[in-house]
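The entries follow the order in which I looked things up.

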Amino acid sequence: MFGRLQHLRLLRCLPAVQIPTQPFPPIAVPPNSFSVAPPAAALQRIFCPRLFSLYKLRRRRPSERVPFCSRSTQTNEAAARAYLSVRIRCRKRDADMLSESLLCFGASSTSMDELSDSHDLDEIWITCIFAVNQDVHTCISHAIGSIGLNYGPNYEVSVGEECDWVKGVQETFHPVEVTAGLWIVPKWREPPDLQATNIFLDPGMAFGTGEHPTTKLCLMLLRKLLHGGEQFLDYGTGSGILGIAAVKMGAASSIGIDIDPQAVISARQNIALNDMDSSKMLVYLVGSEADSSCPGAETNMGPEERTLLNLELKSAKGKFDIIIANILLNPLSELAKDIVSYGKPGANIGLSGILSEQVQQIKEIYSQYLDDISASEMEGWACLHGIRKENLTFPIYRSKDKIMKKDMGFLPD
Amino acid sequence: MATLKDVVVRRPIAATIRLTVPAGGARPAPPVGPALGQYRLNLMAFCKDFNARTQKYKPDTPMAVTITAYKDNTFEFIVKSPSVTWFLKNAAGVESGSGRPGHVVASSITVRHVYEIAKIKQADPSCKHLSVEAICKSIMGTARSMGIQIVKDL
């Protein structure tokens, strides 16, 4: 494996164009949540004098990137986020076939710049992305062989890292006005209207940047339902945007839960960003049914802590006034009972993240739990709203021998 | 969703991106991240849209996606059903085709499998104009090239 990496480094030394994927941003990247290893040790190694032994230890990062990315490359996590980017030059008429065959032979993705731009030349560039540990040369030679190309195209390999493209995408975010008086502002921009309710977000790796129609639909629903002092549950919180918005619009407190540790980190960061009291909004990482041990090293939660939180959550069942779940069709269908069980009788429940054609399916599943189901739609996406029925019985949790039923209606236990 | 043919005349295209993403599992991480990030497309919107549209497939089925990125940082995409080779490998229960197709048989599947695969493929935009029979023939050809035998009954 090391031999192959050295090979790549040699390629880079050749007089070939070094492909910068993004112009480096003028702001320094803050020590972000993606790095797991202690940054001090990482920086120490980076500034170490150039030793050949370092080549063998791990891939050496190009020195010009050091001030901008303070991530360490030591852990498997970081290595998993790096990628190999290959630029291949080939004739226009072969480009289509070549990109298809590269995909078959192991490229993660291929992209072709539009043909009409390069009308002068007969050749165009294809950019392919490979996973870090793949044998690029074998893959390319197989691809060339399979389509019968009679010339060997020139290509250059470079190593790309996560910060290259993340920053570029983040620059495209602008403040967006969801409804009158409610703005969602990315962390690095100024709010256009200081009087309005502004929610500051770091639109990072978790879902919920505020621009998607489902987020807008949910926020509009929240605005309609909130009168002040409610308990809100954000089921599938992502970046925490709905929970934060609820507190800012008058809810007493909100709780956000998610199965993705990245989302929990992102939500906690956004809560701090909005200067919110952490007691106003709590975020929990819950395990999905499939895996009881989540890959949640970043949240620093041991299994005992997680069990404690799950018990707290269980005791919170039946306490929430408003619940909104903005996820996807399949989770919504499977977790119907779980979602509804968190609400008190007569609670408002909102469901989104579904396409307009999927509304009927969700309506059928939820009609046994909710009354007055109504749907609002925007740009092909839909949001359903219903009122939790009174007198629903749920098995709350099972002990080994029996299922304990808790009556959520008027009768005592 | 508008087809590529409608929009290609209207907006200037920046690039065409081809990807393989597991159904319902699009995340803003490689492979999606770098591929779309370099054209400054809205990753979250793509992930959410893609996941919502592939809910009806079994999770983690590798779907081929072709994204057309426009110069104004918007995009359209088409989701295609998984490749025939993937279906055949699944149906036959093998990890890869045979090393010497024609000489060494990797596994075998029934004609019923072929028919089922053809029905799924018929929904694909590129195969719409073909009859089921024609699609079956092409699937059998692919199977032959992988060293997978087709039998009447297993």
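**Entry 1: the model.** I noted at the start that this is a predicted model.

**Entry 2: the interface.** I looked up which residues touch across the two chains, and found 36 residues of chain B in contact with 44 residues of chain A. I then looked up the area. The size of an interface is often given as the accessible area lost when the parts come together. Here about 3,200 Å² is buried between chain B and chain A, and carbon and sulfur atoms give 55% of that. On the side of chain B, the residues that lose the most area to chain A are Arg18(B), Arg40(B) and Lys48(B), which together make up 25% of what that side buries.

**Entry 3: pairs across the interface.** I looked for polar contacts and wrote down eight residue pairs between chain B and chain A, both residues being at pLDDT 80 or more. Helix α3(B) has the largest share, with nine residues. I sorted the residues of this side into 19 nonpolar, nine polar and eight charged.

**Entry 4: salt bridges.** Side chains of opposite charge can pair when their charged atoms come close. How many salt bridges are there over all chains? I found seven in the whole structure. Two salt bridges cross the interface of chain B and chain A. In one, Arg18(B) meets Glu100(A) at 2.9 Å, N to O. In another, Arg18(B) meets Asp96(A) at 2.4 Å, N to O. Asp96(A) is in helix α5 of chain A and Arg18(B) is in strand β1 of chain B, so this pair joins two chains.

**Entry 5: the second largest pocket.** I read its volume as about 1,300 Å³. It is lined by 37 residues, and Glu100(A), Leu103(A), Cys104(A), Ala64(B) and Ser83(B) are the closest to its centre. Two or more lining residues come from each of these elements: α5 (92-104) of chain A, and β1 (13-22), β2 (62-70), β3 (75-80), α4 (84-92) and α6 (132-146) of chain B. Which element gives the largest share of the lining? I found that α5(A) does, with five residues. I sorted the lining into 18 nonpolar, 12 polar and seven charged residues.

Conventions. Residues numbered from 1 in each chain as written. Chains lettered and ligands numbered in written order. Predicted model: local features only at pLDDT ≥ 70, side-chain atom pairs only at ≥ 80, totals over all residues. Heavy atoms only, no water. 1 Å grid on protein atoms, 1.4 Å probe; cavity = no way out; pocket = protein on both sides within 12 Å on 5 of 7 lines; lining within 4 Å. Points joined across faces, edges and corners; volume = space filled by probe spheres on them. Helix = DSSP H or I, 4+ residues; strand = E, 2+ residues; numbered from the N terminus. Nonpolar A, V, L, I, M, F, W, Y, C, P; charged D, E, K, R; others polar. Contact = heavy atoms within 4.5 Å. Buried area = accessible area lost by both parts, 1.4 Å probe. Salt bridge = Lys/Arg side-chain N within 4 Å of Asp/Glu carboxyl O. Polar contact = N/O pair within 3.5 Å; in protein donor to acceptor, adjacent residues only side chain to side chain.
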